[in-house]
Amino acid sequence: MNTKTISKKLFLRQFLVLLAICSFGQLSAQEADNWYSADRAINSPSPVGQLALFTPFAPSDGTPVNIWYELVDFNPLFTQNAMEHPNPLNYNQPWENYPNHGFEHPGGLGFLTPTGAIPGEPTLHRNVMNFNPAIYFDGDGEGDALYFRSHAHDERTVFIVFAAPGAGTTAETQSLLLGGDIDSHLNGRTNLSLGVSDGNFFSIGRTFLGDGDVGFFQPGGIDLLERPTVAMFSRTNSGVEEETLRTRVNGLPDINIIRDHGTANQPLFYYNRMGKHFNDKDPLVGIDPSNLTGHIAEVFLVDGVTDADHIRRVESYLAIKYGITLNNAGGLGSVNGNTSYDYLAADGTVIW
């Protein structure tokens, strides 16, 4: 491939990203809250106001990741970077005080004290999905993890690009992609876990104060075959003590469930983890199923619930970037091809 072709593809990719992000700004009560992309901003932040440059470029293969810099929140007072596990001596410190960051709750509500083994740092792997880098989380032993805070605590839409085998059959034991089970729940706040459960299903877990370690768990129904996946999750507060939880995987509608419970309208927990639950059920015994073993390439979290058209725009962008075939019915596109999915450009026009 010649330099001119590479430059053209890079320009188109940058242009599509910028339009995709801007398109969310046209929707009421929604904003891009957290965005992490492994092709840049690993251990070094992107220049403020220069999102289109895709810099700094990803470091060398095998580099430990201690900060995955967030791309859309440029206010240093409200940084939402995904960081390594803090020193236990700093648990009572604010989360943004790197390198002495901690698990402090805002408003004088105390701080989180995770249980079990302290996770290690994940590593950057280059050329994982369609020549794009991804962050590798090793689930062996104490596992690997990064954590962050988001502003989206109520209705939210999440996109995750990952490839990992599934394990676990509960909210607490599914291999964690985002969120994470906790021991010390706060009054008035519930917890969310998105993971890959036994059967390679993209799954939803919810835990809450006084649930007796039972919680709520809903596995998906589509075997992802450990292949690269564009997963979408949305949470809608659809009524008093009621929420609607939906997922899509590689364009296919999957979970669509209304949860009727006294905690359904409570805001979500402050902290989110990638790779390992805050509450470690089975530390240091071989491979803990709740520890993720696999790659996460991109996470995009939106404050609010967007419509089907904008979901397809983001799915299309991520699928093109990572070489993932989308399908709308009849099974995974990687197996059956694209039989029913219209790829959309950032402006909503059909491009394939």
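**Aromatic pairs, strands and core**

Tutor: This is a predicted model. Ring pairs link Tyr91, Phe103, Tyr147, Phe269, Tyr270, Tyr271 and Phe278 into a cluster.

Student: How many aromatic pairs are found in the whole structure?

Tutor: Rings pair if their centres lie within 6.5 Å. Searching the whole structure with that criterion gives a total of 14.

Student: Is the pair of tryptophan 35 and phenylalanine 300 stacked, edge-to-face or tilted?

Tutor: The ring centres are 6.0 Å apart and the planes stand at 55°. Planes under 30 degrees apart count as stacked and those over 60 as edge-to-face.

Student: Which residue forms a stacked aromatic pair with phenylalanine 300?

Tutor: In this pair the centre-to-centre distance is 6.2 Å and the planes are 25° apart. Stacked requires under 30 degrees, so the pair qualifies. The partner lies in strand E7 (residues 156-163), 141 residues from phenylalanine 300. The partner is phenylalanine 159.

Student: Is tryptophan 35 buried or exposed?

Tutor: Its relative accessible area is 2%. Buried means under 20%, so tryptophan 35 is buried.

Student: Which residue lies over the face of tryptophan 35?

Tutor: The distance to the ring centre is 5.3 Å. The residue over the face of tryptophan 35 is arginine 40.

Student: Which residue has its charged end over the ring of tyrosine 271?

Tutor: Tyrosine 271 is one of the residues in the ring cluster. The charged end sits 5.7 Å from the centre of the tyrosine 271 ring, and it belongs to arginine 149.

Student: How many bridges pair E7 with E16?

Tutor: The two strands pair in the antiparallel sense. Valine 158 has leucine 301 in E16 as its bridge partner. The number of bridges between E7 and E16 is eight.

Student: How many bridges pair E1 with E16?

Tutor: Serine 37 stands opposite glutamate 298 in E16. E1 and E16 are antiparallel, and their bridges number six.

Student: How many of the ten residues of E16 are buried?

Tutor: E16 is largely enclosed by the rest of the structure.

Student: Which side chain makes a polar contact of 3.0 Å with the side chain of arginine 206?

Tutor: Arginine 206 is in strand E10 (residues 201-207), and it counts as buried at 0% relative accessibility. A polar atom of its side chain also lies 2.8 Å from the backbone oxygen of asparagine 191. The side chain at 3.0 Å is that of threonine 190.

Student: How many residues are in the largest nonpolar core?

Tutor: Among the members touching the most others are Trp68, Ile160 and Leu194. Isoleucine 160 has contacts including Leu177, Leu194 and Ile296. A second, separate core has 38 residues, including Met83 and Tyr147. The residue count of the largest core is 40.

Note on methods:
Residues are numbered from 1 along each chain as its sequence is written. This is a predicted model: local features need pLDDT of at least 70, side-chain atom pairs count only at pLDDT 80 or more; totals for chains, interfaces and linings use all residues. Side-chain values use heavy atoms; hydrogens and water are left out. Buried means under 20% relative accessible area, exposed over 50%, partly exposed in between (1.4 Å probe, protein chains only). Helices (H or I, at least four residues) and strands (E, at least two) are DSSP runs, numbered from the N terminus. A charge sits over a ring if NZ of Lys or CZ of Arg is within 6 Å of the ring centre and within 35 degrees of the ring normal. A polar contact is a pair of N or O atoms within 3.5 Å; within protein, one must be able to donate a hydrogen and the other to accept it, and residues adjacent in sequence count only if both atoms are side-chain atoms. A nonpolar core is a set of buried Ala, Val, Leu, Ile, Met, Phe, Trp, Tyr and Cys residues joined through side-chain atoms within 4.5 Å. Contact means heavy atoms within 4.5 Å. Two strands pair if DSSP finds at least two bridges between them. Lists of a residue's contacts leave out its neighbours within four places in sequence.
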